[in-house]
Amino acid sequence: MYTVPELEDYSPEALDRAVADLIAALEEESHSIADESQWKEFRDRWMARKNGVLTQVNDAWLKAAPGPQKREVGKRVNELKASVEQKVESAHESIAGATADKAIAAERVDVTLPGIRRELGAEHPVIRTMNEIVSVFKAMGYSIGTGPEIETDYYNFESLNFPPNHPARDMQDTIFLAGQEHKAQRDRLLLRTHTSPVQIRTMEKQKPPVRIVIPGRVYRNDAPDATHSPMFHQVEGLAVDTNITFCDLKGTLDHAMKSLFGSSVKTRFKPSFFPFTEPSAEVMISCPFCGQKGCRVCKQSGWIEMLGSGMVDPALYGFVDYDPAKVSGFAFGMGVDRLAAMKYGVDDIQLYFEGDVRFLRQFA
Ligand code: DAH
């Protein structure tokens, strides 16, 4: 390794030689710097105030120079100082560049590697069934209606012809929101127990004719078991126009059931009661699983209860400013979860809501 020599003579030639040796050493040592810590060593070796090469040069060459030569030696030492500083700086730049090159090389995309596979989700079987029901009605010209899941007593009950304290309310074990007591009863909030409030909301906004299907989530205070869940799904339907009759209701629902379960399925209408329809009917379909021979699904009866329906009770038109002398309509509502369970042979609807991917993956 280079060491600073004592100068025996201060002739220009001798100075030139000494300077050239030093520059050559500086050059050579700068080539072997590979990283930051080697660069620091290099910098300190040449520039450290205490015993760096430049300090040694200052002592050995300048301070030792005889008076007349001091000027000349001083000039050379200054030039050397500038050269060393410049070299130290450029050496740093080149290792910084090399480090950046390395980082870029490390990040370079290898296009031959397999890509990151994002697993595609799939429609939940309940949502898929709901969409199937909706599309049957869309094909008949129905549009989709939606409304809030947190409803007022007014929309969920009163405007659907369930007066306060009417026993029909007991059929729907309701989940009420806490802290509503200070409000008038009609403004108190609850989780909607059915999709029927969207009938009223739609008729408030829209003049007849109305043809809508309303898919959505509903809530009741039922303990979860194989056939009950405090949260479940319904698809509601409403058609209001001039001259709508019970025949339209029967024809529409018969067509819908055949579209969903196959054209050989028959429908049967059984008298029932809902406060918002008059007359009301329970719709049954002939069991598509056993062709009415009797099976577990139809409980050996050959018939399966599918939905509630009826002619819109004219009392409802009073709540939405429709003229009952001019318009008539029908409505229906069906549970989606039970239908999906039947369709896929699932014997416990809790499986739909537990979110176990081993179960759900079977439908993907
Ligand atoms: N809202 C009823 C329920 O949840 C179902 C229903 C029955 C809806 C008859 C209707 C209807 O629109 O006409 O029990």
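Predicted model: local features only at pLDDT ≥ 70, side-chain atom pairs only at ≥ 80, totals over all residues.
Student: How is the packing of two helices described?

Tutor: Two packed helices are described by the angle between their axes and the distance between the axes. Helices (H or I, at least four residues) and strands (E, at least two) are DSSP runs, numbered from the N terminus. Axes are lines fitted to C-alpha atoms, for helices over the stretch in contact, and angles run from 0 to 180 degrees between N-to-C directions. Here, helix 2 (residues 36-47) packs with helix 4 (residues 70-107) at an angle of about 180°, and their axes are 10 Å apart.

Student: Which orientation do helix 2 and helix 4 therefore have?

Tutor: Angles under 35 degrees count as roughly parallel, over 145 as roughly antiparallel, 65 to 115 as roughly perpendicular and the rest as oblique. Helix 2 and helix 4 are therefore roughly antiparallel.

Student: Which residues of helix 2 and helix 4 meet?

Tutor: Contact means heavy atoms within 4.5 Å. From helix 2, E36, W39, F42, R43, W46 and M47 meet V84, E85, K87, V88, A91, H92 and I95 in helix 4. The residues of this contact of helix 2 with helix 4 comprise eight nonpolar, one polar and four charged. In that division, Ala, Val, Leu, Ile, Met, Phe, Trp, Tyr, Cys and Pro count as nonpolar, Asp, Glu, Lys and Arg as charged, and the others, Gly among them, as polar.

Student: At what angle does helix 1 pack with helix 2?

Tutor: Helix 1 (residues 12-31) and helix 2 pack at about 165°, with axes 11 Å apart. That makes helix 1 roughly antiparallel to helix 2. Their contact is made by L22, A25, L26, E29 and S30 of helix 1 and F42, R45 and W46 of helix 2. By class, the contact of helix 1 with helix 2 has five nonpolar, one polar and two charged residues.

Student: Which orientation does helix 5 have to helix 8?

Tutor: Helix 5 and helix 8 (residues 246-261) pack at an angle of about 130°, and their axes are 10 Å apart. That makes helix 5 oblique to helix 8. E132, I133, V136 and F137 of helix 5 make the contact with T252, L253, A256, S259 and L260 of helix 8.

Student: What span should helix 4 have, and which of its residues are buried?

Tutor: The expected span of a helix is 1.5 Å times one less than its number of residues. The 38 residues of helix 4 should therefore span 56 Å, and its end C-alpha atoms are 55 Å apart, which agrees. Buried means under 20% relative accessible area, exposed over 50%, partly exposed in between (1.4 Å probe, protein chains only). The buried residues of helix 4 include V84, V88, A91 and I95. What covers the buried residues of helix 4 includes helix 1, helix 2 and helix 3 (53-63).

Student: Is E236 buried or exposed?

Tutor: E236, found in strand 5 (residues 231-241), counts as buried at 2% relative accessibility. Leaving aside neighbours within four places in sequence, E236 is in contact with residues including T195, Q199, I214 and F332.

Student: Where is a peptide bond cis?

Tutor: A cis peptide bond joins P208 and P209, with omega about 5°, and P209 lies in the loop between helix 7 and strand 4 (210-219). The peptide bond from E278 to P279 is also cis, with omega near -5°; P279 lies in strand 7 (residues 277-286).

Notes. Residues numbered from 1 in each chain as written. Heavy atoms only, no water.
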